Amino acid sequence: MAAIFQGVGAAAALSSSPSNSFDTKKLLCSPRRSFSARKGASFVVVRSDGSVNFDLNHKGRRAQQLITNAVATKADSSAAASSSKPGHELLLFEALREGLEEEMERDATVCVMGEDVGHYGGSYKVTRGLAEKFGDLRVLDTPIAENSFTGMGIGAAMTGLRPVVEGMNMGFLLLAFNQISNNCGMLHYTSGGQFKIPIVIRGPGGVGRQLGAEHSQRLESYFQSIPGIQMVACSTPYNAKGLMKAAIRSENPVILFEHVLLYNLKERIPDEDYICNLEEAEMVRPGEHVTILTYSRMRYHVMQAAKTLVNKGYDPEVIDIRSLKPFDLYTIGNSVKKTHRVLIVEECMRTGGIGASLTAAITENFHDYLDAPIICLSSQDVPTPYAGPLEEWTVVQPAQIVTAVEQLCQ
Amino acid sequence: MSAAFSTAKFATQPFPLNTTSPRSHDKPLFDPLKIPTSSSPFLGSTRKLRLSSSSKLNLHRRSGAVVAVSDVVKEKKSKSTPNLLITKEEGLVLYEDMILGRAFEDMCAQMYYRGKMFGFVHLYNGQEAVSTGFIKLLKKEDSVVSTYRDHVHALSKGVPAREVMSELFGKTTGCCRGQGGSMHMFSSEHNLLGGFAFIGEGIPVATGAAFSSKYRREVLKQADCDHVTLAFFGDGTCNNGQFFECLNMAALWKLPIIFVVENNLWAIGMSHLRATSDPQIYKKGPAFGMPGIHVDGMDVLKVREVAKEAIGRARRGEGPTLVECETYRFRGHSLADPDELRDPAEKAHYAARDPITALKNYMIENRLASEADLKAIDKKIDEVVEDAVEFADESPLPQRSQLLENVFADPKGFGIGPDGRYRCEDPKFTEGTAHV
């Protein structure tokens with residue numbers, strides 16, 4: 001885990017210029033586990049200016065090339081380096097796929113449905129190769145009918161299957177909102193506990209790279225008040241795989257948030273089977289002065305800010321809350337009791353967002369431990385603008401985090 | 001009539017859909033599916049509909065000619081066919097189920113006005129032939145997905161009247177422990193996948209249940225899994241996207257599902273004909289590559305014939321069927337509806353076609369049952385319904401401790417509290433007093 005963060009700041013290491021050569025054959029033929037970075041180098045997502053150093057979302061399919069590009073070049077450069085290390089290195093989208101694949105192997109009732117999840121391999125390649133391996137019925141390409149295929153997943157879950165429904169983009173799931181809210185969230189209750197809905201709803205969300213308003217939504221706030229649903233957000237290959245597996249095994253409906261800009265994060269993860277706890281937060285960086293609560297992509301903005309803060313003499317504690325609903329109040333509480341100061345950094349909408357709920361929960365439970373009012377940095381309540389600079393100003397940038405911590409610790 | 005009936009039975013013949021895998025790209029472009037020819041009474045009446053547009057009476061606006069049980073009887077007699085449509089035993093089962101549906105709903109109205117049940121209560125009076133005609137052909141493993149008008153579907157599927165009534169009373173002995181209510185009846189034991197209170201949302205769920213059947217057979221290799229799913233919904237739903245989306249998916253994957261439209265002509269206060277560009281709903285089946293059938297929904301025997309064939313098709317893996325049952329509700333949309341909009345003449349017309357009376361007459365005329373036999377059933381059902389009310393009335397209201405149960409199948413979903421323990425381990429949680 002820590003490896004990722006050691007590298008933050010050294011960011012520019014990986015460039016994903018579209019001009020890199022791209023050899024599909026080589027990529028597809030190399031066993032996943034041989035992909036590896038140069039020895040000792042860790043993968044970095046953010047440049048010092050806070051922008052992401054790869055372009056995942058630029059015009060749909062091209063983005064895929066960019067991802068694989070980066071992998072291919074790296075695989076080229078160091079074929080043998082990884083064999084001596086424990087675990088294996090992979091990208092976040094591959095980690096998700098690995099988790100999914102393992103669960104599908106383990107349990108024949110696990111199936112996938114969604115738009116382009118089968119033959120096309122998923123818009124972000126999370127399900128690549130699964131249709132070939134498991135067949136068209138287990139990896140079901142659906143028509144573009146979000147409400148109906150989500151409802152179908154719920155019906156399948158009620159009758160004994162464990163479907164993983166992919167929203168090609170989280171925003172598309174707004175079209176399935178009725179099914180997610182009224183059926184996923186309520187059916188177990190209204191049926192008096194007779195029917196379970198062990199479904200996973202997942203997909204790419206968040207503000208990407210100039211994808212325009214509809215494809216750059218922060219929907220955590222929309223889903224969080226649905227009763228009966230758990231929500232988790234992954235942020236590293238390790239927790240992506242662990243949360244995917246945990247979500248599939250859970251008897252509850254789980255929404256797994258992935259972030260469009262994190263799919264080609266690279267990390268070495270254990271070879272052994274593991275799962276993450278759906279309800280637990282992750283301690284990213286222990287510290288003494290201030291608790292920074294964050295999740296998903298903002299974790300990297302926070303870590304970038306943390307580097308600056310450390311240089312300025314602060315010792316921030318960074319927690320990736322991971323479980324967006326319910327909150328892990330134990331981990332959060334322990335941190336608050338230690339630092340007495342809280343900064344929340346999220347990409348969610350300011351109004352009614354995760355940060356707002358988190359602020360309320362902390363105030364309710366740990367008010368006596370606070371030495372300063374909680375500061376919550378959320379993205380702006382605007383439709384995500386297309387233009388680069390406007391988009392950048394919509395989400396929280398590392399410099400704002402530094403300023404906020406300085407203010408909190410005055 | 002019998003000729004027309006057999007035409008109506010299936011608007012299309014089974015066609016060469018690809019049977020191997022949904023992956024196949026070489027799906028044949030089959031001929032435009034045949035729709036019933038002019039020998040069908042339903043298309044004939046459409047012509048009438050257009051010509052008689054000046055008519056004030058809604059009756060003429062129906063898409064299909066209405067055929068009574070007695071017509072079938074005459075037909076049978078004229079041909080002197082010895083085969084009746086049902087045996088005595090079957091007839092009695094149908095009669096009992098329809099009587100139960102009617103008596104139960106009438107009792108609901110009483111109980112609602114007496115303040116024993118609350119909220120929106122939608123009664124099924126008049127439509128019994130559809131529920132009974134279809135559901136009584138099912139096995140226990142087959143699934144039913146209903147709407148907000150779901151009490152009678154639950155009863156037909158075998159959920160005890162006591163449990164349904166108790167649910168309506170909001171009691172802990174209800175089929176959903178009082179947590180569902182009138183529009184959310186469920187029974188996992190009887191594979192009633194629920195009453196769905198919003199328009200159309202049950203159709204995808206039903207499609208998912210049908211998908212599970214296919215999955216069990218083809219992926220889990222449970223060769224004996226021939227379970228089918230019935231999705232009930234009304235004419236109003238047929239203008240909703242989920243209806244079309246699911247027709248497409250069900251036909252695409254040849255799912256074992258029957259889409260049963262209970263066309264009672266009215267979506268609350270919106271006439272089907274004012275809402276729908278082409279009011280002949282069954283014609284939308286062939287458009288998606290599945291048979292579309294129109295049947296007189298006031299005639300349980302006809303419904304049953306059609307249902308038998310559609311369910312058989314689904315069981316054999318031949319895919320979905322769309323069945324439009326032309327029916328009528330004898331009461332308002334819900335007990336809160338003053339029902340002032342519908343034409344009294346229209347109501348009177350359908351009241352005269354009461355499906356229970358029709359079945360009764362058929363059985364007596366054909367000596368399938370005596371007046372006394374049927375009276376005995378009436379009496380038995382009265383007792384069942386009385387007993388249900390008594391049971392519900394005496395049942396306890398839910399305890400507070402029930403409040404937080406069943407929100408999550410795994411209560412860990414409530415998360416970890418400040419003390420580091422899962423909240424569901426807190427005694428207050430079990431007491432229902434925890435603040436979640």
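Author: What follows takes the interface and then the salt bridges. This is a predicted model, in which local features need pLDDT of at least 70, side-chain atom pairs count only at pLDDT 80 or more, and totals for chains, interfaces and linings use all residues. Residues are numbered from 1 along each chain as its sequence is written, chains are lettered from A and ligands numbered from 1 in the order in which they are written, and side-chain values use heavy atoms, with hydrogens and water left out.

Reader: What is the area buried between chain B and chain A?

Author: The size of an interface is often given as the accessible area lost when the parts come together. Buried area is the loss on putting two parts together, taken with a 1.4 Å probe and summed over both. Between chain B and chain A about 4500 Å² is buried, and carbon and sulfur atoms give 63% of that area. Counting contact as heavy atoms within 4.5 Å, 58 residues from chain B and 55 residues from chain A take part.

Reader: Which element gives the largest share of the side of chain B that touches chain A?

Author: Helices (H or I, at least four residues) and strands (E, at least two) are DSSP runs, numbered from the N terminus. On the side of chain B that touches chain A, α8(B) gives the largest share, eleven residues.

Reader: How many salt bridges are there between chain B and chain A?

Author: Side chains of opposite charge can pair when their charged atoms come close. A salt bridge needs a side-chain nitrogen of Lys or Arg within 4 Å of a carboxyl oxygen of Asp or Glu. Between chain B and chain A the count is zero, while over all chains it comes to 43.

Reader: Which parts does the pair Arg299(A) and Glu282(A) tie together?

Author: These two side chains form a salt bridge at 2.9 Å, N to O. Arg299(A) lies in helix α11 (residues 298-311) of chain A and Glu282(A) in strand β9 (residues 282-285) of chain A, so the pair ties together parts 17 residues apart in sequence. For accessibility, buried means under 20% relative accessible area, exposed over 50%, and partly exposed in between (1.4 Å probe, protein chains only). Arg299(A) is buried at 0%, and Glu282(A) is buried at 9%.

Reader: Is Arg316(B) buried or exposed?

Author: Arg316(B) is exposed, at 54% relative accessibility. Its salt bridge partner is Glu318(B), with the closest N and O atoms 2.8 Å apart. Glu318(B) is partly exposed at 30%.
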